Amino acid sequence: MQQDNYSKELAHYFDMLRFSRKMTLEDLTHDIVSIRQFRRYIRGEYQMPQIVFNNLSIRLGFKPEHILLEFEALKLQETKKMNSLHNAVVNKDFNLAKSMILEIDENYIIEKNNLIMFKFSKLLINYYQKEISPENFVD
């Protein structure tokens with residue numbers, strides 16, 4: 001299952017790179033893999049084969065090994081950001097936490113645990129500021 005998540009995260013990262021380069025999904029996947037299959041990779045239904053990974057990397061203008069290095073660096077940076085956000089919330093520095101939340105696009109959080117941490121931090125702010133009841137917080 002860990003391998004499936006990694007493949008899903010990589011597909012999501014490819015989609016982020018595609019979007020940042022203003023490419024259509026068709027531009028990225030043409031003659032490499034069908035759009036339908038690429039979406040299956042994003043949903044985590046299938047693992048991305050190495051040849052597809054290599055070809056998508058090249059299509060985006062990267063060497064495959066550089067994609068992996070950048071991907072791992074981005075995940076580490078993302079985790080640090082989520083930890084900083086959570087620390088700001090726990091230390092009740094709500095102004096900092098809210099400004100951090102505004103800078104984070106939930107749709108581009110790569111790692112599942114980071115997404116959970118992000119959502120929990122937002123919920124915790126609401127709880128601390130008494131915007132939700134303890135019962136709703138637990139739910």
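A salt bridge is counted here wherever a side-chain nitrogen of Lys or Arg lies within 4 Å of a carboxyl oxygen of Asp or Glu. The structure is a predicted model, in which local features need pLDDT of at least 70 and side-chain atom pairs count only at pLDDT 80 or more, while totals for chains, interfaces and linings use all residues. Residues are numbered from 1 along each chain as its sequence is written, and side-chain values use heavy atoms, with hydrogens and water left out.

By the salt-bridge rule, the count comes to 7. One of them pairs Glu-111 with Lys-75, whose closest N and O atoms are 3.5 Å apart. Glu-111 sits in the loop between α6 (94-103) and α7, whereas Lys-75 belongs to helix α5, so this pair ties together parts that are 36 residues apart in sequence. Through shared partners, salt bridges join Glu-9, Glu-72, Lys-75 and Glu-111 into one network.

Lys-75 counts as buried, at 9% relative accessibility, and Glu-72 is partly exposed, at 36%. These words follow relative accessible area: buried is under 20%, exposed is over 50%, and partly exposed is in between (1.4 Å probe, protein chains only).

A further salt bridge brings together the side chains of Arg-18 and Asp-15, at 2.8 Å from N to O. These two residues are 3 apart in helix α1, so they too are separated by about one helical turn. Arg-18 counts as buried, with a relative accessibility of 14%.

Turning to open space, the largest pocket has a volume of about 250 Å³. On a 1 Å grid over the protein atoms alone, a pocket is an open set of points where a 1.4 Å probe fits, with protein on both sides within 12 Å along at least five of seven lines, and lining residues have an atom within 4 Å of a point. Grid points are joined across faces, edges and corners, and the volume is the space filled by probe spheres set on the points. Among the residues lining this pocket are Glu-9, His-12, Ile-42, Glu-111 and Leu-115. The elements that give two or more residues to the lining are α1 (2-20) and α7 (112-128), and α1 gives the most, with 4 residues.

Phe-53 lies in helix α4 (residues 50-59) and counts as buried at 5% relative accessibility. Not counting residues up to four places away in sequence, Phe-53 touches Leu-10, Phe-14, Met-48, Pro-64, Ile-67 and Leu-68, where contact means heavy atoms within 4.5 Å. His-86, in helix α5, is buried as well, at 17% relative accessibility. Leaving aside neighbours within four places in sequence, His-86 is in contact with Met-117, Phe-120, Ser-121 and Leu-124.
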